[in-house]
Structures are given as C-alpha cells and as structure tokens.
Amino acid sequence: MMSIRSLAGACLSAFAALSAFAVPASAQNYPTRTITMIVPFAAGGPTDVISRIVTAHMAQTLGQSIVIENVVGAGGTTATTRAARAANDGYTLVTGHMGTHAASVPLYPKLAYHPEKDFEPVALLAGTPILILARKDFPPKDLKEFVAYVKTNAEKVNAAHAGIGSVSHASCELLNSILDVKPVGVPFNGTGPAMNALVAGQVDYMCDQIVNAVPQINAGTIKAYAVATPERNPSLPNVPTTAEAGLPAFQAQAWNAIFAPKGTSPAIIATLNAAAIKALDEDNVRKRLLELGSVIPAPANRTPEALATLVKNEIAKWTPVLKPAT
Ligand code: MLT
C-alpha cells in the first residue's frame with residue numbers, strides 16, 4: 001500500500017514531468033505577427049544579404065513577414081546589445097556572426113552582452129570565407145607583392161572595415177598581425193558602404209566575407225589577392241588560396257547565424273530552426289547563397305546545439321588572437 005507521502009511525491013513528479021512538456025499557448029501558434037530580424041550592419045553588406053535571402057523563405061514557411069531592421073554602430077555590438085535586451089517572445093531576432101558573437105568578446109572588455117549567456121542559438125545560416133581585397137589600381141599585382149608593399153608602406157596604407165569587432169576588422173587584425181603591420185583603419189557602418197569606397201578607390205584594402213566580394217570581383221571593379229581557406233571557392237575558381245599565394249598562415253572563415261534573446265521558449269526556437277533549415281534546403285535559396293560563395297552548413301551543423309558549440313569554440317579561438325597583449 002503506497003503511503004500518503006510517497007503518493008504525493010509520485011503525483012508531484014508526474015506533474016513536473018507533464019508541465020515540462022506543456023507548451024505555452026503563445027508558442028503553440030507562433031508566429032501570429034510580424035517578426036523583426038535585426039541586422040547589425042548597413043544594408044547591402046554580407047550580413048544583410050545573407051539575412052534577406054534566408055528570411056524571405058523563412059517568412060513563407062512561417063506564414064508571417066520577417067522585417068529586416070538594419071541597426072548600425074560599434075562593429076555590430078550596438079544592434080546585438082539591443083537584441084539581447086529585446087523581449088524573448090520570438091518576435092525580435094538578430095543575425096549575428098563571428099564578429100558580434102566571438103571577436104567582440106576580447107575587443108570590448110565592457111561588452112553589454114555575452115554571446116553565450118544572453119542569447120539562444122537558433123540556426124547557422126552560412127559559412128563565409130574571407131578574401132584579401134584591394135582597390136583596382138592598388139600597385140601590388142599578387143599576394144607576394146601585396147605583403148611586400150604593405151610592409152614597406154605601413155604608415156601610408158589604409159584598411160577598411162565595418163567597425164571594431166566586426167568580421168572585416170577582426171580578420172584583417174589577424175592578417176596585419178601576421179604581416180606585423182598597423183595600417184590606418186577606416187571604419188564604415190558595414191562592408192556594403194566599405195565596398196563602395198573600395199570600388200571608388202577611396203580606401204586601399206579590406207578583408208571581407210566572400211558574399212560581398214563575388215559580384216565586384218566578377219565585374220572587375222576590385223582586386224582579389226586570395227581566399228583565406230584551404231581550398232579555392234567554387235564561385236571564384238581563379239582566386240588562389242592564401243597558401244597557394246604564399247601566405248598559408250592566414251586562414252579565416254566567418255559565419256552568420258540567427259540568435260534569439262535568452263529565455264525564448266524551446267518550442268519557438270524549434271519552429272524557427274525548422275524554418276531556417278527548410279530555407280537552406282530550398283533550391284533557389286541554395287543557388288543564391290552558393291553563387292555568392294557561401295558554405296551551406298551540413299545538416300549536423302544546423303542544430304541550435306551545434307551553433308552553441310561553434311560560438312564557444314570561436315570565442316576561444318579569437319580571444320588569444322585579438323586580446324591586446326597584457
Ligand atoms: C562585418 O562584420 O564586417 C560585417 O558582416 C560587414 C557587413 O555585414 O556589413
């Protein structure tokens with residue numbers, strides 16, 4: 001005969017087990033209104049382009065509009081802070097990346113958020129190999145000449161980026177530390193505007209995500225010295241790798257991913273993750289991402305758990321590279 005105490009205990013544990021599966025009504029029929037996707041950089045840059053390609057399809061799946069809100073400043077940390085403080089109801093999301101959710105940690109000692117503690121990872125969208133780019137009339141013909149020229153003219157050359165802690169800033173910090181040079185940094189609100197300046201010949205060089213560079217390289221309006229990945233990229237078969245071009249030490253690939261504020265319900269995260277995965281499996285979305293040089297995540301890398309692991313690993317990777325020598 002079960003005692004009253006053990007019967008009560010059994011009822012409590014049954015209730016706890018059931019309540020764990022109880023999905024709040026707000027999550028059961030999510031989404032019921034427009035979703036805002038914050039993009040921490042100006043329109044036209046890589047983070048904006050990837051976000052628009054993927055969310056356009058996600059909106060179809062979810063049956064609600066997804067509005068892109070470009071919020072700029074401080075290398076993407078202004079927008080990411082806003083996203084961290086947003087309501088965790090699934091209606092405010094952010095496209096973060098290797099800059100906002102890794103490189104910014106060592107570069108901003110007083111960063112107003114922590115990528116792991118203040119966000120729920122939703123889905124990895126695209127890997128974005130980094131290229132070394134220059135204005136069309138920059139004197140060096142190839143990467144070997146680029147290295148020599150930048151070392152010789154260290155005080156005169158300048159490098160464009162999208163703000164301290166952005167991908168374009170962090171990856172060129174790595175390049176510049178390998179070359180032991182400190183060019184003048186020229187910040188923009190995104191590498192969309194930065195690319196316009198490069199095409200106009202107003203800045204000398206830039207480390208940028210491939211999705212922003214492919215159209216300009218194919219149009220012949222800028223120079224591409226190399227891609228910083230072990231293999232050439234299918235969208236740019238004539239651009240050598242850094243290893244082929246004589247600088248194997250410079251390896252850099254960024255990534256873009258969707259994050260939600262901490263505490264967003266697992267049911268909503270699952271709904272968003274499923275919609276993102278569906279987009280990445282859709283032919284037209286894949287075609288557009290691939291022709292811009294994106295690396296579409298393998299299925300095993302598309303889970304929220306895999307993204308959480310990526311963020312942890314990327315913070316560990318970039319902190320020693322970027323932390324000012326103490
Ligand atoms: C960056 O981190 O450099 C940004 O992704 C550039 C951009 O998207 O505009």
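Trainee: In this predicted model, which residue of β9 is the bridge partner of Thr 95?

Mentor: The bridge partner of Thr 95 in β9 is Ile 258, and this belongs to the antiparallel pairing of strand β3 (residues 92-97) with β9.

Trainee: What makes β3 and β9 count as paired strands?

Mentor: Two strands pair if at least two bridges are found between them, and β3 and β9 have four bridges, so the pairing meets that condition.

Trainee: Which strand pairs with β9 over nine bridges, and in what sense?

Mentor: That strand is β4 (residues 119-135), which pairs with β9 in the antiparallel sense; within β9, Trp 255 is the bridge partner of Gly 127.

Trainee: Why is β9 called largely enclosed?

Mentor: A residue is buried when its relative accessible area is under 20%, and eight of the nine residues in β9 (residues 253-261) are buried, so the strand is largely enclosed by the rest of the structure.

Trainee: How many cavities of 30 Å³ or more does a search of the whole structure find?

Mentor: The search finds one, and the largest cavity holds about 60 Å³ of space. Its lining includes Phe 41, Pro 46, Thr 47, His 97 and Gln 209, while α3 (46-62) and α7 (167-179) are the elements that give two or more residues to that lining.

Conventions:
Residues numbered from 1 in each chain as written. Predicted model: local features only at pLDDT ≥ 70, side-chain atom pairs only at ≥ 80, totals over all residues. Heavy atoms only, no water. Buried < 20%, exposed > 50% of the residue type's maximum accessible area, 1.4 Å probe, protein only. 1 Å grid on protein atoms, 1.4 Å probe; cavity = no way out; pocket = protein on both sides within 12 Å on 5 of 7 lines; lining within 4 Å. Points joined across faces, edges and corners; volume = space filled by probe spheres on them.
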